[in-house]
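Here's a quick walk through some of the helix packing and strand pairing in one model. Have the coordinates open while you read.

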Amino acid sequence: MRLGAKVRWRDIEDDARLQTAHPLLRAAVAHVAHYQIRNRGTVGGSLAHADPAAELPGVAVTCDAEIIVVGAVGARTIPAAEFFTGSLTTVLRSDELVTELRLPFWPADRRWAFREFARRQGDFALAGVALYYDEDARGRARDPHVAVIGACSRPHRLPSVETVLAGQVVDEPTLRAAAEKAGGGRSAGRSACLRHLPPRPHLDPGRARLAGGGANRERLMRIGFEINGRPAEVEVEPRTSLADCLRDQLRLTGTHIGCEHGVCGACTVIVDAAAVRSCLMLAVQAEGSSIATVEGLSRDDGLTPLQTAFKKHHALQCGFCTPGMLTTAHALLSEEPDADRIRSVLSGNLCRCTGYIPIVEAVLEARAAYRKADKP
Ligand SMILES: Cc1cc2nc3c(=O)[nH]c(=O)nc-3n(C[C@H](O)[C@H](O)[C@H](O)COP(=O)(O)OP(=O)(O)OC[C@H]3O[C@@H](n4cnc5c(N)ncnc54)[C@H](O)[C@@H]3O)c2cc1C
Ligand code: FES
Ligand code: FES
């Protein structure tokens, strides 16, 4: 199976064919970050970023995937196990881009599991494990593959655990013996599993120029997009975030800025019908898009059904998180979510004073209005 570098998490989540074509991949991606981040994050970005706790690199290593990269002198095919060299580091050269991930064929009757432990839903995992094996005619594990994420400086297969599983019926005692190896294998596996900070990167003249600002600070780019139904043109520095552009240049200060690193959700806006974190998106990436901010949810002076429900259920107190809650819920309500889905998605928007029960109740109540295609 070939996944292009620009495939987003959302594409994987939404593609029902993957339930049989690669259920391990689909299950792992469900753990990646929050709703708004899954609407933007890509296969290529995740592989190149090489976070030790990221799910996709873990799946790639578990499955003996290949990563295709293209640079000035041509293309290379790199086994996933050789691609990741340490925490946030890979064998990518500065002129190379990831173009594709190739996952080997997945038989329909393969046994598999993906589990991870994170403090909160959407957080990077503290540790996780992916495994699969095929069964022979007598139900014994053939060719087991087991890898961990988060526990090491890069995703890492556990050969000692695979040896325990190979040729065995995978029952409780076998799993206990395998788990014992994974934990007790510390002496053998410990040096490979220590987390290391990456060494100082070699000075890259291109990056140094950017870091120094210099000429790039002065360079402005003219971009156009539609904002709340109206065309807009702005001049921005290439590194201006969409959130800053909306607030500082268009004076749309309903979009709030909290954490500025994709955790709190206060800056959520809707870009081409998908809720995104505007603090993580560059304004220039919005060129040609259609953007809705909280100011654009209502086209007249009245409140939308969603806003009315927030008022009725006392779903806001200080109001800081409210624009992000409203834009997230507005985008989510296009898919007729149930209560669990609403809770799961809104867990990516932090509210520190109201509490989530009234917020979820308000969104549940507003569902009916959206169902009637009465979408504001
Ligand atoms: C709050 C938060 C929680 C998160 N939790 C998780 C999580 O639980 N699990 C997880 O896996 N991820 C998680 N992420 C990461 C997120 O899911 C994205 O996948 C990741 O940041 C990559 O995003 P991107 O595709 O936009 O790449 P970018 O952020 O644009 O790029 C990441 C890096 O890769 C480089 N790059 C991008 N594309 C390519 C390419 N094709 N070739 C070469 N280099 C490239 C960029 O230059 C940059 O250095 C989280 C992020 C946030 C903000
Ligand atoms: S997620 Fe963007 S400001 Fe917190
Ligand atoms: S209403 Fe105050 S943070 Fe949510």
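This is a predicted model: local features need pLDDT of at least 70, side-chain atom pairs count only at pLDDT 80 or more; totals for chains, interfaces and linings use all residues.

**Helices**

Let's begin with helix 16, which spans residues 339-346. Which of its residues are buried? Ile342, Val345 and Leu346 are. They sit on the same side of helix 16, because the arc they cover around the axis is only 90°. As for neighbours, the buried residues of helix 16 pack against helix 4 (35-38), helix 15 (322-332) and helix 17 (356-371).

Helix 17 turns up again in a pairing with helix 14, residues 305-312. The angle between helix 14 and helix 17 is about 145°, and their axes are 8 Å apart. As for handedness, the crossing of helix 14 and helix 17 is right-handed. On the helix 14 side, the contact is made by Pro305, Leu306, Ala309 and Phe310; helix 17 brings in Ala362, Glu365, Ala366 and Ala369. What kinds of residue make up this contact of helix 14 with helix 17? Seven are nonpolar, one is charged and none is polar.

One open sheet is built from four strands in the order 7-8-9-10, with antiparallel pairing. Its edges are strand 7 (111-117) and strand 10 (156-157), each of which pairs on one side only. Inside that order, strand 8 and strand 9 are linked by seven bridges, and one bridge to look up is Asp134 with Arg142 of strand 9.

Another group involves strand 11. Strand 11 and strand 12 form a hairpin with two residues between them. In that turn, Asn228 has a positive phi of about 50°. Strand 11 also joins strand 15, this time running parallel.

| Strands | Sense | Bridges | A bridge pair |
|---|---|---|---|
| Strand 8 (127-135) and strand 9 (141-149) | antiparallel | seven bridges | Asp134 and Arg142 |
| Strand 11 (221-227) and strand 12 (230-236) | antiparallel | seven bridges | Ile227 and Arg230 |
| Strand 11 (221-227) and strand 15 (290-292) | parallel | two bridges | Ile227 and Ile291 |

Ile227 is worth a click: its bridge partner in strand 12 is Arg230, while in strand 15 its bridge partner is Ile291.

How values were computed. Residues are numbered from 1 along each chain as its sequence is written. Chains are lettered from A and ligands numbered from 1 in the order in which they are written. A residue is buried if 20 or more other C-beta atoms lie within 10 Å of its own, exposed if 12 or fewer, and partly exposed in between; C-beta atoms are placed from the backbone. The arc is that of the directions from the helix axis to the C-beta atoms. Two residues are in contact if their C-beta atoms, placed from the backbone, lie within 7 Å. Axes are lines fitted to C-alpha atoms, for helices over the stretch in contact, and angles run from 0 to 180 degrees between N-to-C directions. A crossing is left-handed if the near helix is turned anticlockwise from the far one by less than a right angle, and right-handed if clockwise. Ala, Val, Leu, Ile, Met, Phe, Trp, Tyr, Cys and Pro count as nonpolar, Asp, Glu, Lys and Arg as charged, and the others, Gly among them, as polar. Two strands pair if DSSP finds at least two bridges between them.
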